Amino acid sequence: MRVAILISGRGSNLRSLARACAAADSPARIVLVVSNNPQAQGLDIAAQEGLENIVLNHRDFTNKEGFERDLDSVLTKAGAELICLAGFMRLLSPWFVQSWRDRIINIHPSLLPAFKGLETHRRALEAGVCFTGATVHYVRAEMDDGPILAQAVVPVLPDDTPEHLAQRVLLAEHQLYPHTLRLIAQGKIHLSNDRVKIKGVTWPNTTVIAPALVTTTDSDQK
Ligand code: GRF
């Protein structure tokens, strides 16, 4: 499967996807990296990983439609069959999303539908949730909306800061995104009534409770 990656910044998810796609048995190949930001660190990562990369600066266009028309054209020319958003900070217009429907995926640093938008880790801490995580989902016109493909759960620790939590969620993202891309490229994922169905996978069946059910210290507390 020919994959294009869209970035705006740091590019750590791009790196994890690139490394996974470089494996001899990978069913996905990255054919193009596009950054809307000429300063994106991810451009250096793309170059280090030997990936074709271009800058399409949205500021060089008089309107959003012009930017997206060019984006559409470079992706089509590259023969992209799937677009992975990896820290791409522009909301795509409904016409663009519609023309790539079910062929664009995104990674978001929360357990969607909770905490859509920015500053997810600060908001998760403020809400007092015991678990957060990351979600890979198909993209729809609404921000951080669309059928959920896969999720990773990360416990929130009692003394967490947004920065520490972000680091642990990011590590989970680096496992989750390549895993999900592989399932798609293997043809194991289908949509039925806008719900994701996955064939030939195993599912975790453990319940995780926080605080943990540790009994050894119970008597100490009496
Ligand atoms: C990640 O946290 C991702 O979930 C979010 O933007 C961030 C991008 O990080 N959509 P990076 O550029 O991949 O390092």
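Guide: Happy to: the structure holds 10 salt bridges. Mind that this is a predicted model, where local features need pLDDT of at least 70, side-chain atom pairs count only at pLDDT 80 or more, and totals for chains, interfaces and linings use all residues. Residues are numbered from 1 along each chain as its sequence is written, and side-chain values use heavy atoms, leaving out hydrogens and water.

Visitor: What makes Glu49 and Arg19 a salt bridge?

Guide: The label needs a side-chain nitrogen of Lys or Arg within 4 Å of a carboxyl oxygen of Asp or Glu. Here the closest N and O atoms are 2.8 Å apart, so Glu49 and Arg19 qualify. Glu49 sits in the loop between helix H2 and strand E3 and Arg19 in helix H1, so the pair ties together parts 30 residues apart in sequence. Helices (H or I, at least four residues) and strands (E, at least two) are DSSP runs, numbered from the N terminus.

Visitor: How do you know whether Arg140 is buried or exposed?

Guide: Buried means under 20% relative accessible area, exposed over 50%, partly exposed in between (1.4 Å probe, protein chains only). Arg140 has 9%, so it's buried.

Visitor: And why is Asp194 called partly exposed?

Guide: Because its relative accessible area is 36%. Arg140 and Asp194 also meet in a salt bridge, 2.7 Å from N to O. That pair links loops 54 residues apart. Salt bridges with shared partners join Arg101, Asp102, Arg140 and Asp194 into one network.
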